[in-house]
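Q: I am new to this structure and would like to learn how to read it, beginning with a pair of strands; could you take me through it step by step?

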Amino acid sequence: MRVLAALSGGVDSAVAAARAVDAGHQVTGIHLALARHPTSYRSGARGCCTLEDAHDARRAADVLGIPFYVWDLSERFHEDVVEDFLDEYAAGRTPHPCLRCNERIKFAAVLDRALGLGFDAVATGHYARLRTGRDGGVELHRAADGGKDQSYVLGVLTQPQLAHALFPLGDSLKSDVRREAAGRGLLVADKPDSHDLCFVSDGDTAGWLRERLTERPGDPVRHAGDIVDDATGEVLGHHRGSYGFTVGQRKGLGIERPTADGRPRFVLAIEPSSGTVRVGPREGLSVDRITAGRPRWSGEAPPGALSAGVQLRAHGAEHRAVVSVTGNDVEIRLLEPAQGVAPGQSAVIYAGTRVVGSATIESTRHARSVTG
Amino acid sequence: MDQPATTVYLDHAATTPMLPEAIQAMAEHLGDVGNPSSLHAAGRSARRVVEESRERIAQALGSRPGEVVFTSGGTESDNLAVKGIFWARRTEDPRRVRILSSSVEHHAVLDALAWLETFAQARVELLPVDASGAVEVAALRAAVERDPASVALVSVMSANNEVGTLQPVAEVVAIAADHGIPVHTDAVQALGQVPVDFGTLGVDALTLTGHKVGGPFGVGALVLRREVAVTPLLHGGGQERDIRSGTLDTPAIAGLARAVELSVRHQAEHALRVGRLRDDLVRGVQEQVPDALLNGDPVRRLPGNAHLTFPGCQGDSLLMLLDARGIACSTGSACSAGVPQPSHVLVAMGRSDDSARSSLRFSLGRTSTAQDVAALVAAIGPVVERARLSGSRAAVGR
C-alpha cells in the first residue's frame, strides 16, 4: 500500500512509520504544521507544533529513508479545532480538542488530501487496534497497553475513516516502543510523552482561554460572575470568567468561607449566560443519566438499546451502562453513578474492547435528585 | 525501502551543481596551510590565491579588485549592503532615514530592512511592482523626488529569484544618481544568466554568491564602489579593508573566482541554450495543461526561469507528486519549518493567496537537458490531474 505516515516529532509516530516501512508499504512521512505562529522551542513536555518538533520528525524520516514533507494545516486547525474549543468553552462546556482534531484534521483534511494524492491509508502513532469484523468492516478496539490506550480519542472516527487508517502500535507496550525506537537509532526514543493541549504553549489553559475569550466582543463569558451555593442559592464569591472552571473542579475556587461541616466544595455546574458557577458537596457531582448528541458510529448505528461500557474522558474509567439510541439522540443510563461529568465531553461507547461510537454530552442529571 | 532519487533536477535557482573547474580550483587549496593574513611564506602564498581570485572576479564583473569584498554568501552581502550603507549614510547626515526598495526583494533584503525599521528607526518604503513583477519606476521617481535628501539608500534586485523578471536597474540608477543616492542590487540570480557588468550598470553595491553560479556554498562577495562608505557588521581582525572581519576561506574563494569567471565568460551561449530549453518547457507544459499560466515578464526574464501557476492545484501537492517521480522543482519560497507560504512576490504582483499557492518554479541550469524537459512534460499532465483531485475531494466522514 501507499501509506502516508503522520510524524509528530515524537517517538510513537516515528516507530509507527518504521513499522509501516517494515510491513512493506511505500511510506511517505508528513509533519502537520498546526500552529499559525510556531514557536522555535518546546516549553514543557509538549510533543508537536514547534519548529523543533518538525525537525525531530524530519530526522526520523531521514533515519527511515522515507520522503518527508511539511503540510500546513494551520488554518484548518484553527477553524475546526481551536475556534471550536473556544466556542465550546464560551458556552460553558468542556470539550476535548484531540477528538476534534482526529475527526476533522488527521482523518479528514489530511486523509482526504492523501487519498486524492493516491495514498491508500494514513498511519499514526495512536495506541489502538484495528480488526476486520465479521461483516467485513473495520473495527476499532482498545490497545494492548491499557495505560496508553487511545481508542477514546479515536472514538469519533466513522467507517470510511477507519477503512483508511493504520495504527501500527496497537499491539505494543509503550516501553517496548521506546526500546524499539532506540534499537532503530531514532533519536526521539527518550523524548517525553506529550500531554496538555498542543496549542496552549505554556500549558496554562485557563490563562490562554481568558486571553482569547476576553478579546471576543459581546461574549457573555468575558463577564465576571457569582459563585453560588447550589443548595441554598447563597452567593459565596465572585470570579473573573466562567471559563476558568470545569465541572468537578475543587481547587482554586477562591471561596474564603469554609462550609459549615468543613467538607470541600466542587463545581457542579456552569451557567455561561449569567456567569454563575454553582458549587456544592461531592455528592452533587454524581450523575447516572447522560443525554448526548452528535453521535458518530464506528460502524452501523446500534439498534435501539444496548448494554455497553462507556468512557467519559480520556484515560477515564469505563462505566457499565445501558445506551439507548434514537436517531441522533443518545441516552446513557449508568448502572453506578459517575462524578465530574461535564457537558461538552465525549462519551465513547464500547462493546467489550470494541468501540461502537461516540456522542457529545449535552446534559447530565441524577435520577434520584430528579425523582426525589 | 529507498526513496526515489532526483533524476530530473529543475531547481537550479535554489542551487546549481559546481563546475568541475571550480571543484578543481577549490580542491587544489584544501590541503594548503596558511592564513592569508599571516606574514610568513605560507600566509603570503594563501594571500596570493585570495588576491588573484579577487582580481579575476573584478575582471569578470568590470570592477576594480579593491571593490570586491568577500563574504559568506548572498544573505551576508545583502545585509552588509543594506545595513552598512544605511548606517554610514545616516551617520554622515541624520536626515537620511529612508530606504527605498521593491516589494519583491529576496528575504535577505526585506528582512534586513524590516530589522532596520524596528531597531534603527529606518523608514522603509517598498515600491510596488507591475503584474509582471517589475518595479514601477515612476513610483520610485516620485518617492525619491518627494524628499531626496532623506533617502539613505535604494536597493532593487537585478532579477527576481521567484518569477525571473528582470528589474529596470539602469533606470533606478539614473533616478538615484541625480540625487547622489547610492544603489544596491542583489544580482545573485542574474549573474551568469544575463550580462552583469558592475561598471556599466553604475550601481554602488552588488551582491553575488558562489553556489548559484557553479561555485561552492558558503562564499560570496559584495562588490562595493570604493567611494561608498559602509559600516561593518562583523568586527574583528580587520580583513577586507576593515569592512568584513573574519579569516578568509582561501579554497572557497578560489572556487568562487573560477565559477564567476567561467559563468560570465559563457553567459551568452548559456542563456541561448537554456532559454531555448525553457521555452520548450513552457510550451510543453502548456500543451499538457492548457490553463497553466506563465508568471513574470514573458520576455524580460531570466533565461533559465519558468514560473507557472496551475489553477486548482496546491503547489506543494504538485511538488510532492513530481518529487515522487524524481523531478525536483520549487514552490518558490519556503520558511524554516518547510511550510510553503504564499509567495510575497506573487502577492505583490496582485495575485490572490490561492493563486500564489498554486504555483511552481522550474529553473534550468548548465546541466539541464532536453531529456529533463521531456520528462517533466510527460509527467505534468497526470500530476496536475492528481493534484486537482486531492484539492477538490469531498471530506471523508463529514
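This is a predicted model: local features need pLDDT of at least 70, side-chain atom pairs count only at pLDDT 80 or more; totals for chains, interfaces and linings use all residues.

Q: Which residue is the bridge partner of B:Leu208 in S8(B)?

A: Strands are DSSP runs of E with at least two residues and helices are runs of H or I with at least four, both numbered from the N terminus, and two strands pair if DSSP finds at least two bridges between them. Here the partner of B:Leu208 in S8(B) is B:Ala221, and strand S7 (residues 205–209) of chain B is joined to strand S8 (residues 220–224) of chain B by 5 bridges, the two running antiparallel.

Q: In what order do the 7 strands of the open sheet stand in chain B?

A: The order is S2-S8-S7-S6-S5-S3-S4 in chain B, with mixed pairing. Strand S2 (68–71) and strand S4 (123–127) of chain B each have a single partner strand, so one side of each is left without a neighbour in the sheet.

Q: What share of the 398 residues of chain B counts as buried?

A: A residue is buried if 20 or more other C-beta atoms, placed from the backbone, lie within 10 Å of its own, exposed if 12 or fewer, and partly exposed in between. In chain B, 53% of the 398 residues count as buried, and the C-alpha atoms fill a box of roughly 70 × 55 × 40 Å, taken along the principal axes.

Definitions and conventions. Residues are numbered from 1 along each chain as its sequence is written. Chains are lettered from A and ligands numbered from 1 in the order in which they are written.
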